[in-house]
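Hello,

Here is the structure I promised to pass on to you. Please open it beside this email and follow along as you read.

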Amino acid sequence: MNPLALTGAALQFSGDFLYLAVVFIVLAIVAYLAGAQGIAGLSAGIARILIIVFVVLAIISLIL
């Protein structure tokens with residue numbers, strides 16, 4: 001099977017962004033409670049980006 005043929009499936013809109021955002025938020029909370037504020041801030045930043053990407057893709061999919 002051609003690996004390039006599978007790239008279209010990866011670009012389809014799904015709830016994976018929201019799932020990953022929740023995972024990074026939980027990671028940020030656990031890291032903060034463990035005293036690692038640097039990792040907590042990084043995880044929270046990644047979660048914020050994933051939520052924004054999810055919202056943008058959701059709006060685009062509703063328009064189209």
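A word on the annotation before we use it: UniProt positions are given in the numbering used here, and annotations may be inferred rather than shown by experiment. Please also keep in mind that this is a predicted model.

Let's begin with the overall layout. The protein chain has three helices and zero strands, and its elements follow one another as α-α-α from the N terminus on. Of its 64 residues, 14% count as buried. The chain exposes about 5000 Å², and 77% of that area comes from carbon and sulfur atoms.

Now for the record. An unreviewed UniProt entry places the feature "transmembrane region" at residues 17-34 and 46-63. What does the chain look like over these two spans in the model? Residues 17-34 are 94% helix and 0% strand, with 25 Å between the end C-alpha atoms. Residues 46-63 are 100% helix and 0% strand, and here the end C-alpha atoms lie 26 Å apart.

Is Ser 43 buried or exposed? Its relative accessible area is 4%, and buried means under 20%, so Ser 43 counts as buried. Which residues does Ser 43 touch, leaving aside its neighbours within four places in sequence? Ser 43 is in contact with Phe 24, Leu 27 and Ala 28.

Definitions and conventions:
Residues numbered from 1 in each chain as written. Predicted model: local features only at pLDDT ≥ 70, side-chain atom pairs only at ≥ 80, totals over all residues. Heavy atoms only, no water. Helix = DSSP H or I, 4+ residues; strand = E, 2+ residues; numbered from the N terminus. Buried < 20%, exposed > 50% of the residue type's maximum accessible area, 1.4 Å probe, protein only. Contact = heavy atoms within 4.5 Å. Areas by Shrake-Rupley, 256 points an atom, 1.4 Å probe, with all protein chains shown as cover.
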